[in-house]
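Please open the structure in your viewer and keep the selection tool at hand. The tour below goes from one selection to the next and says what is there.

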Amino acid sequence: MFSDIEQLVFSGGGIRCFWHGGFLSGLGDMASLSPARISGVSGGALSAAAWIGGREQDLKMLMTEAFEINDANFDRKRSNFTPHQEIYRAVVETTLDAEAIERIAAGPEYEVTLSCPPGTLSPRLAAVFYGLLYKLDQAVRSTPHLEWPRAAGLSELRVDARQAARDGKLIDLICAAATIPPVFDVPEWDGDRVLDGGMLDKAPLPDDDHGPTLVLLTSIYGKLPQDARRTYIQPTREVAADKIDFSDASKVTRTWEQGEADARQWLEDRRQAG
């Protein structure tokens, strides 16, 4: 059914990205996905890495366990007074073990998108300013492909995640991709301060963009682009997970289960359509 798919895109969405894993799991044997190019942004960068590395179930288990231990989104003993940064990195490091990283390094083209604020703004001010533009763009235009933050000076940085895996920097890249101040500190990548790439585009297509493309979203949009090459799939309803709620393990499992159910429904709709 998907043998012709050349590109697979994992959108951002924080913890909502567990819908990706559930959906791909729900496709089961009918998936037959073997894309030549994969792109991910924000939490979708971790979804993509787990899928390529064969660690989707491990990611779900580890994140669920971490949230069962953590019962609040505020902790004055942690960096930025939240537990998010430490929990996220610990889960990423454990999920993406040496074997998974080797698979990613030897796998299909895999690109992670980051965003870079102009040097004239402090990191926190930039996060607030572009975060507001991002919210407004989504509310008004209702499409995963944003315009306003880019027009206001936020620039894009594409990173070859396979090379990062070969260089021993994949964990740092995946964590940098999910940078949402003030919950996370603003890191640098190759000398550039970077923020969550989802502020520029919730589902950036590979830079070398061609061929049939499957785009997995985590939110519902009113104006999906009409492009014969692209198949956009979004949840049938708002998922249980909140973007940065690290205190409720049930939201991870419920979001995953919704992804599985949505995949079954999507396949059935396609069968009925002929």
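This is a predicted model: local features need pLDDT of at least 70, side-chain atom pairs count only at pLDDT 80 or more; totals for chains, interfaces and linings use all residues.

Residues are numbered from 1 along each chain as its sequence is written, and side-chain values use heavy atoms, with hydrogens and water left out.

**Stop 1: two helices**

Select residues 43–53, helix H2, and residues 56–69, helix H3. Helices here are DSSP runs of H or I with at least four residues, strands are runs of E with at least two, and both are numbered from the N terminus. The axes of H2 and H3 come within 7 Å and cross at roughly 130 degrees. Such axes are lines fitted to C-alpha atoms, for helices over the stretch in contact, and the angles run from 0 to 180 degrees between N-to-C directions. H2 is therefore oblique to H3; angles under 35 degrees count as roughly parallel, over 145 as roughly antiparallel, 65 to 115 as roughly perpendicular, and the rest as oblique.

Now show the side chains of Leu 46, Ala 50 and Trp 51 on H2, and of Glu 56, Leu 59 and Met 63 on H3, which make the contact (heavy atoms within 4.5 Å). By class, five of these residues are nonpolar, none is polar and one is charged. Ala, Val, Leu, Ile, Met, Phe, Trp, Tyr, Cys and Pro count as nonpolar, Asp, Glu, Lys and Arg as charged, and the others, Gly among them, as polar.

**Stop 2: salt bridges**

A salt bridge is a side-chain nitrogen of Lys or Arg within 4 Å of a carboxyl oxygen of Asp or Glu. The count comes to 18.

Select Glu 156. Its salt bridge with Arg 150 has the closest N and O atoms 3.6 Å apart, and another joins Glu 156 to Arg 158 at 3.0 Å, N to O. Glu 156 is partly exposed, with a relative accessible area of 30% (buried means under 20%, exposed over 50%, partly exposed in between, with a 1.4 Å probe and protein chains only).

Next, select Lys 169 and Asp 190, whose side chains meet in a salt bridge of 3.3 Å, N to O. Lys 169 lies in the loop between helices H8 (161–166) and H9 (170–177), and Asp 190 in the loop between strands S5 (188–189) and S6 (192–193), so the pair ties together parts 21 residues apart in sequence. Lys 169 is partly exposed at 29%, whereas Asp 190 is exposed at 63%.

Then select Arg 55, Asp 58, Asp 97, Glu 99 and Arg 103, which are linked in a network of salt bridges.

**Stop 3: nonpolar cores**

Which residues have the most contacts inside the largest nonpolar core? Select Leu 96, Tyr 110 and Leu 170; this core has 64 residues. A nonpolar core is a set of buried Ala, Val, Leu, Ile, Met, Phe, Trp, Tyr and Cys residues joined through side-chain atoms within 4.5 Å. A second, separate core of eight residues includes Ala 127, Leu 133, Leu 154 and Leu 195.

**Stop 4: helix H10**

Select residues 249–273, helix H10, and find Arg 270 there. Arg 270 is partly exposed at 37%. Gln 258 is also in H10 and is buried at 3%. Leaving aside neighbours within four places in sequence, the contacts of Gln 258 include Trp 19, Pro 235 and Thr 236.
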